[in-house]
Amino acid sequence: MIEAGPARIVLEFAMIVFTVHEPPNPPVDRIERAEGLAFVRDSFSTFAAVLPPVWMVVNKLWMALLIYLLAWLAMDVALAAAGVEKTVIGLIDAAANVVVGFEASSIKRWTLERRSWTEIGTVVGRNQAECERRFFDKWLQD
């Protein structure tokens with residue numbers, strides 16, 4: 001447990017953000033609609049930064065995977081053709097993977113949008129359960 005101090009204060013007030021997405025042609029019944037919603041956390045993804053292709057396969061982000069692989073291949077071929085050392089190319093690849101980690105949430109949202117999902121809200125809370133509860137409390141009232 002963290003003792004009292006600045007670190008504890010930051011952890012107690014740390015909030016996370018989720019965007020909420022609804023599939024195309026949702027059911028009329030609100031309860032059935034609720035089961036189909038997707039909550040996408042807006043945060044850095046270590047998994048996406050360390051193993052981008054595997055992360056994309058696990059999340060079924062096929063178009064993003066294709067774009068990533070083509071960009072990676074083109075970048076590495078261009079850098080090698082320009083005479084850049086393999087070590088530097090490896091560092092550039094690692095930096096690109098970190099960018100994927102930061103953009104993981106945006107990649108998921110882009111894929112949902114491409115699949116005709118609609119963003120229906122944003123919610124903030126201390127954890128996913130609290131965010132879901134807050135969202136559904138408001139959404140079910142409307």
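Modeller: For the charge count, Lys and Arg are positive and Asp and Glu negative, with His and the chain ends left out. This is a predicted model.

Colleague: Fine. How many positive and negative side chains are there in the chain?

Modeller: The chain carries 14 positive and 17 negative side chains. The centres of these two sets are 1 Å apart.

Colleague: What's the fold made of, in helices and strands?

Modeller: Seven helices and three strands. In sequence order the pattern reads α-β-α-β-α-α-α-α-β-α.

Colleague: How much of the chain is buried?

Modeller: Buried residues account for 30% of the 142.

Colleague: What about contacts, what share join residues at least 24 apart?

Modeller: 66%, counted among contacts between residues at least 6 apart in sequence.

Colleague: Which strands does E1 pair with?

Modeller: E1 pairs with E3, residues 118-125, through seven bridges, and the two run antiparallel. E1 also pairs with E2, residues 38-41, over four bridges, again in the antiparallel sense.

Colleague: I want a residue to check in each pairing. What stands opposite Phe18?

Modeller: Val123 in E3 is opposite Phe18. For the E2 side, take His21, whose bridge partner is Ala38.

Colleague: And which way do side chains point along a regular strand?

Modeller: In general, side chains in a regular strand alternate between the two faces of the sheet.

Colleague: Backbone next. Which residues have a positive phi without being glycine?

Modeller: Lys60 is one of them, with a phi of about 55°. Ser116 is another, at about 70°.

Colleague: Where do Lys60 and Ser116 sit?

Modeller: Lys60 is in the loop between helix H4 (52-58) and helix H5 (62-81). Ser116 is in the loop between helix H6 (86-114) and E3.

Colleague: Why does Lys60 count as exposed?

Modeller: Lys60 counts as exposed because its relative accessibility is 51%, and the cut-off for exposed is over 50%.

Colleague: Ser116 then, what class does it fall in?

Modeller: Ser116 has a relative accessible area of 46%, so it is partly exposed.

Colleague: Now the helices. Where is Thr111, and is Thr111 buried or exposed?

Modeller: Thr111 belongs to helix H6. Thr111 is buried, because its relative accessibility is 2%.

Colleague: How far is Thr111 from Ala64?

Modeller: Their C-alpha atoms are 7.7 Å apart, while Thr111 and Ala64 are separated by 47 residues along the chain.

Colleague: And Thr46, which helix is that in?

Modeller: Thr46 is in helix H3, residues 46-50. With a relative accessible area of 51%, Thr46 is exposed.

Definitions and conventions. Residues are numbered from 1 along each chain as its sequence is written. This is a predicted model: local features need pLDDT of at least 70, side-chain atom pairs count only at pLDDT 80 or more; totals for chains, interfaces and linings use all residues. Side-chain values use heavy atoms; hydrogens and water are left out. Buried means under 20% relative accessible area, exposed over 50%, partly exposed in between (1.4 Å probe, protein chains only). Contact means heavy atoms within 4.5 Å. The place of a charge is taken as NZ of Lys, CZ of Arg, CG of Asp or CD of Glu. Two strands pair if DSSP finds at least two bridges between them.
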